[in-house]
Amino acid sequence: MIKIQKAEEVEDAFFEGRDFGPSMQTVQDVLSDVKKRKDEALKEYSAKFDCAAPAFFEVSKEDLREAAEDLKKNDRKLYDALCYSHDLALRFAKKQKESFDDFEIELEEGLFTGQKNIAVKRAGVYVPAGRFPLISTVIMTVTPAVAAGVDEIILCTPPRVHHEDKERALKEGLGIPGKPLVGGKAYADKNIMAAAWICGANRVFALGGSQAIGAMAFGSQSIPQCDVIVGPGNKFVAEAKKLVYGQVGIDMVAGPTEVFIIADKSARPDWVAADLLAQAEHDIVAQPILATNDRNLAEKVAEEIERQLAELETASVAKQSIASFGRIIVCNSLEEAAAIANRKAPEHLELAMEEGEERDKIQALVYNYGSLFIGHNSAEVFGDYAAGLNHTLPTSGSARFTGGLSVRVFLKTVTTLRTRAGSKGCIQSAQAAGILGDAEGLAGHAKAARLRLSDMGDK
């Protein structure tokens with residue numbers, strides 16, 4: 001049963017970032033080994049952790065194309081849903097890019113300053129393929145990179161046994177973690193491969209875990225070094241991204257997923273319960289939260305959660321998440337609920353309220369979230385799959401200082417300076433630079449500025 005508590009009973013620990021055990025030393029060792037031994041180390045880690053350790057990591061273009069064609073032929077509904085989601089995501093990402101202007105402005109006479117947004121040359125994306133191969137993550141990571149204008153997009157995802165090697169694997173009892181098929185052809189989850197083809201990934205590698213992050217960060221004989229790495233993963237992948245930051249750019253360090261719903265008496269208990277469970281089924285450490293000013297709604301949602309759990313195929317996971325990390329907070333007002341949400345800074349924030357002045361007021365009050373879902377019909381799962389928004393979002397309170405994955409992650413905003421010799425702006429800038437150089441004790445700075453002044457006939 002989900003916990004119900006009053007707002008004044010919420011403990012300070014609820015608002016702190018969540019840590020789920022040490023992984024740093026293990027990941028440091030893997031990264032160091034990959035950096036030193038490259039492909040040799042990658043093959044050993046594949047054999048140690050995965051069901052397959054292919055002779056070569058890159059999945060052939062032919063296999064990617066065949067995976068897409070097979071999906072189109074044998075599961076047209078899924079194929080069309082992927083294409084629809086990709087189309088929405090691409091249109092949204094292109095619109096985002098339009099908002100990042102290049103410009104040059106004359107701040108002072110003869111002093112021209114500007115900015116340019118330049119795409120990175122090579123981006124790496126990581127797509128998990130554990131209990132639930134996340135085909136939607138392909139859309140959310142590859143598509144904004146395409147919209148940004150990245151030259152080459154590298155995708156890494158855990159290996160699978162190639163269909164040409166399955167007979168051998170069955171015969172020898174291989175192709176499972178602990179007994180990997182070593183030396184076969186590179187292959188991955190078929191739906192992930194199909195999505196990679198649809199979305200425009202340039203190269204796909206059958207490589208998972210923190211070793212894949214290391215390969216994209218440092219480069220190896222097979223896998224090219226990337227400028228930025230994006231995408232979710234388990235705690236080892238998250239730790240690896242944290243450790244390689246600086247060597248490469250990253251989108252964020254993502255933790256367990258979370259949803260925070262602010263609901264009033266107009267909310268439907270079955271819809272609210274379903275949205276909480278949709279988040280809870282991700283992981284036993286996912287965090288589903290409801291804040292409401294209506295005690296009756298709180299109790300009905302709690303009852304509805306139990307009813308829906310009895311019918312949910314993923315109940316074994318969702319039930320643990322609900323029991324360990326879920327809660328319903330009964331607030332004295334919706335304004336108090338908004339204040340709690342701002343302090344929590346959740347990944348997903350829903351306003352389960354009717355359209356009107358009250359919802360507008362609460363919407364204006366909230367400001368810390370990864371994505372905001374406004375109104376009863378704006379389900380968070382729409383954002384996960386097919387609404388144009390990106391579902392790779394900040395967790396564990398990091399929405400206080402960052403947004404989610406977007407075109408911006410694949411763009412560098414650089415600045416430019418152009419001057420006209422002898423102009424008022426150029427002279428004043430040189431004079432100020434000389435004075436500030438003196439003040440900081442940096443004589444070379446001051447001289448470099450004043451040499452320009454003397455050339456312009458000024459001192």
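1. Start at the N-terminal end of helix α7, which Asp189 caps. A side-chain oxygen of Asp189 lies 3.1 Å from the backbone nitrogen of Asn191. Keep in mind that this is a predicted model.

2. Now follow helix α7 itself, residues 190–199. This helix is mostly covered, with 7 of its 10 residues buried. The buried ones are Ile192, Met193, Ala194, Ala195, Ala196, Ile198 and Cys199. Just after α7 comes Gly200, with a positive phi of about 100°.

3. What covers the buried residues of α7? The cover includes helices α3 (61–74), α4 (76–98) and α5 (135–148). It also includes strands β3 (58–59), β7 (152–157) and β9 (203–206).

4. Turn next to an open sheet of 6 strands. Its order reads β1-β14-β13-β12-β15-β16, and the pairing is parallel. Strands β1 (3–6) and β16 (371–374) stand at the edges. Each has a single partner strand, so one side of each is left without a neighbour in the sheet. From one strand to the next, the twist averages 20°.

5. Strand β15, residues 348–352, pairs with β16 in the parallel sense over 4 bridges. Which residue in β16 does Leu349 stand opposite? Leu349 faces Leu372 there.

Key. Residues numbered from 1 in each chain as written. Predicted model: local features only at pLDDT ≥ 70, side-chain atom pairs only at ≥ 80, totals over all residues. Heavy atoms only, no water. Pairing = 2+ DSSP bridges. Helix = DSSP H or I, 4+ residues; strand = E, 2+ residues; numbered from the N terminus. Axes fitted to C-alpha atoms, helices over the stretch in contact; angles between N-to-C directions. Buried < 20%, exposed > 50% of the residue type's maximum accessible area, 1.4 Å probe, protein only. Contact = heavy atoms within 4.5 Å. Polar contact = N/O pair within 3.5 Å; in protein donor to acceptor, adjacent residues only side chain to side chain.
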